[in-house]
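I opened the model today to look up two things.

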Amino acid sequence: MKFIVSACDLAKVKTEGLVVPMFEGEKIAGDIKTLDGALGGFIARSAKNGVFEGKYGQSLSTDSLGNAPAGKITLAGMGKREELTLERVRQAAGGSARTMRNAGIRNFATGLAMIRPGGVDEQSVAQAVAEGTTLALYSFENFKSEKSKKKIENILAAARSKSDEPRLQKGVDKGVILAEAACMARDLINLPGNVVTPTYLAEKARETANKYRLKCTVFGPKEIEKRKMGGLMAVAKGSRQPARFIILEYMKGPKNQKPVALVGKGLTFDTGGISIKPSERMEEMKADMSGGAAVIGAIRAAAALKLKANIVGLIPSTENMPGGSATKPGDVATSLSGVTMEIINTDAEGRLILSDALAYSKKFDPDCVVDIATLTGACMVALGYYASGLFGNDDQLIEQIREAGEATGERCWPMPLWPEYEEQIKSEVADIKNVGPRWGGAITAAAFLKKHVSGKWAHLDIAGTAYNTEKGRPYLSYGGVGIGVRQMISFIEKRLGL
């Protein structure tokens with residue numbers, strides 16, 4: 001799929017398909033009025049009859065039957081102009097792109113990059129159009145015998161003038177890079193657990209490093225044991241698949257700039273171990289490495305964008321299986337941090353492997369550490385499927401991540417992390433235990449992670465947002481979302497002033 005940016009008159013552009021934005025409560029004018037005339041007043045009648053009024057999420061498609069240069073015309077409802085946001089642009093781009101593909105159209109033009117939310121520049125709008133379109137057209141068909149033949153080949157992003165073209169092109173190029181990195185993460189998440197093992201994940205990290213000239217280091221079981229990564233070792237004991245600890249380094253910023261450390265949970269399949277999960281929907285536990293996929297995707301995007309930043313990615317990776325040598329409830333493990341951990345529930349394994357990665361991050365003397373993990377079902381109970389839980393020990397860091405979530409449509413919400421919650425994970429036989437009481441489980445999980453960090457730290461619990469099984473945003477397909485890739489890049493840019 002290729003994006004082309006060009007200044008043109010939407011009513012005169014010759015194309016198989018055309019997407020035209022329309023706002024609620026505004027009179028038909030300009031390009032829409034010209035098109036309406038060619039269509040014999042179809043648009044005006046639809047508005048008068050209440051069929052299409054430009055409300056947010058509405059769309060109206062018709063064939064011009066040769067009466068206009070464009071073949072199929074889709075009107076995308078944007079809602080009231082004063083309520084326009086980049087996320088609405090992103091969603092409209094995704095929904096209209098799918099409409100065109102489903103109609104069998106291969107080439108279309110869109111006017112979505114011509115509109116302007118308040119206070120937003122044209123480059124950011126073009127980026128949102130490219131993101132929404134590319135994310136929406138993603139499909140995972142690796143194991144299907146019959147693959148869809150409906151493909152979009154070319155998209156013309158219309159600009160208002162020739163002088164706008166360079167800025168729009170820059171935005172489109174950035175949007176494609178970010179979305180393609182998120183789609184790479186989606187592929188890793190959607191592949192089954194018999195394909196994506198810890199070894200496979202490490203190989204993909206190495207491939208990314210080789211392509212973008214990054215430094216990649218991978219520890220196997222012997223190195224993990226030598227470094228006394230007791231949390232990762234404890235979880236890996238029940239699996240025949242050897243654990244991996246993956247380190248990616250992108251160091252293209254100033255030499256005196258401390259790196260941002262990204263830590264991603266790389267649990268390639270989670271049965272729950274001895275504390276085994278119910279069988280219903282266990283197949284979705286292949287997505288328990290979504291945090292690790294996000295870290296690989298984010299560093300890939302940073303390299304492709306040539307950000308002047310120093311970024312370290314740390315991914316502890318294993319399976320959680322109930323093998324004969326598996327860790328048992330009541331066992332005690334010692335993290336790389338030196339903290340002893342009583343394992344009450346083996347299905348609370350993510351925090352165990354993350355403890356080692358968080359402790360290891362100290363070796364890089366980072367500016368801050370952000371971990372991203374499908375950590376707790378409790379977070380899904382609290383926030384559902386539309387927001388990730390956000391925890392941390394630094395208000396500025398938390399706010400920067402929250403703002404990045406708003407900007408990218410990957411929303412998150414700050415949660416409390418008071419000392420009372422830390423009291424709830426104190427153990428009678430070790431320093432801490434890996435689960436607290438039933439209530440507030442997402443918070444006590446974050447409190448557990450906090451025990452292994454020093455310096456500025458934030459934690460994103462993406463258990464409810466990493467895997468899509470419902471009809472939500474138009475640019476999300478079923479399965480892996482690739483959440484965190486675009487948000488982390490936006491956060492890093494905010495953090496470093498890029």
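I started with E349 and K265, whose side chains meet in a salt bridge at 3.1 Å, N to O. This is a predicted model. The pair links distant parts of the chain, 84 residues apart. E349 sits in the loop between β13 (340–342) and α10 (350–360), and K265 in the loop between β9 (260–264) and β10 (266–270). Both E349 and K265 are buried.

Next I checked helix α15 (residues 485–496). I found E493 of α15 paired with K174 of helix α5 (residues 165–190), 319 residues away. Their closest N and O atoms are 2.8 Å apart. I noted both K174 and E493 as buried.

R495 is also in α15, and its partner D367 lies in the loop between α10 and β14 (368–373). I read 2.8 Å between the closest N and O atoms of this salt bridge. R495 has a relative accessible area of 14%, so I logged R495 as buried. D367 comes to 25%, so D367 is partly exposed. Elsewhere, salt bridges with shared partners join E87, R90, E131, E410 and R486 into one network. My count for the model is 28 salt bridges.

Then I turned to how α15 packs on helix α9 (residues 290–305). The angle is about 50°, and the axes are 8 Å apart. The two helices are therefore oblique to each other. Their crossing is right-handed. From α9, I listed A294, G297, A298, A301, A302 and L305. They meet V485, M488 and I489 of α15. I sorted the contact residues into eight nonpolar, one polar and no charged.

Terms used:
Residues are numbered from 1 along each chain as its sequence is written. This is a predicted model: local features need pLDDT of at least 70, side-chain atom pairs count only at pLDDT 80 or more; totals for chains, interfaces and linings use all residues. Side-chain values use heavy atoms; hydrogens and water are left out. Axes are lines fitted to C-alpha atoms, for helices over the stretch in contact, and angles run from 0 to 180 degrees between N-to-C directions. Helices (H or I, at least four residues) and strands (E, at least two) are DSSP runs, numbered from the N terminus. Angles under 35 degrees count as roughly parallel, over 145 as roughly antiparallel, 65 to 115 as roughly perpendicular and the rest as oblique. A crossing is left-handed if the near helix is turned anticlockwise from the far one by less than a right angle, and right-handed if clockwise. Contact means heavy atoms within 4.5 Å. Ala, Val, Leu, Ile, Met, Phe, Trp, Tyr, Cys and Pro count as nonpolar, Asp, Glu, Lys and Arg as charged, and the others, Gly among them, as polar. A salt bridge is a side-chain nitrogen of Lys or Arg within 4 Å of a carboxyl oxygen of Asp or Glu. Buried means under 20% relative accessible area, exposed over 50%, partly exposed in between (1.4 Å probe, protein chains only).
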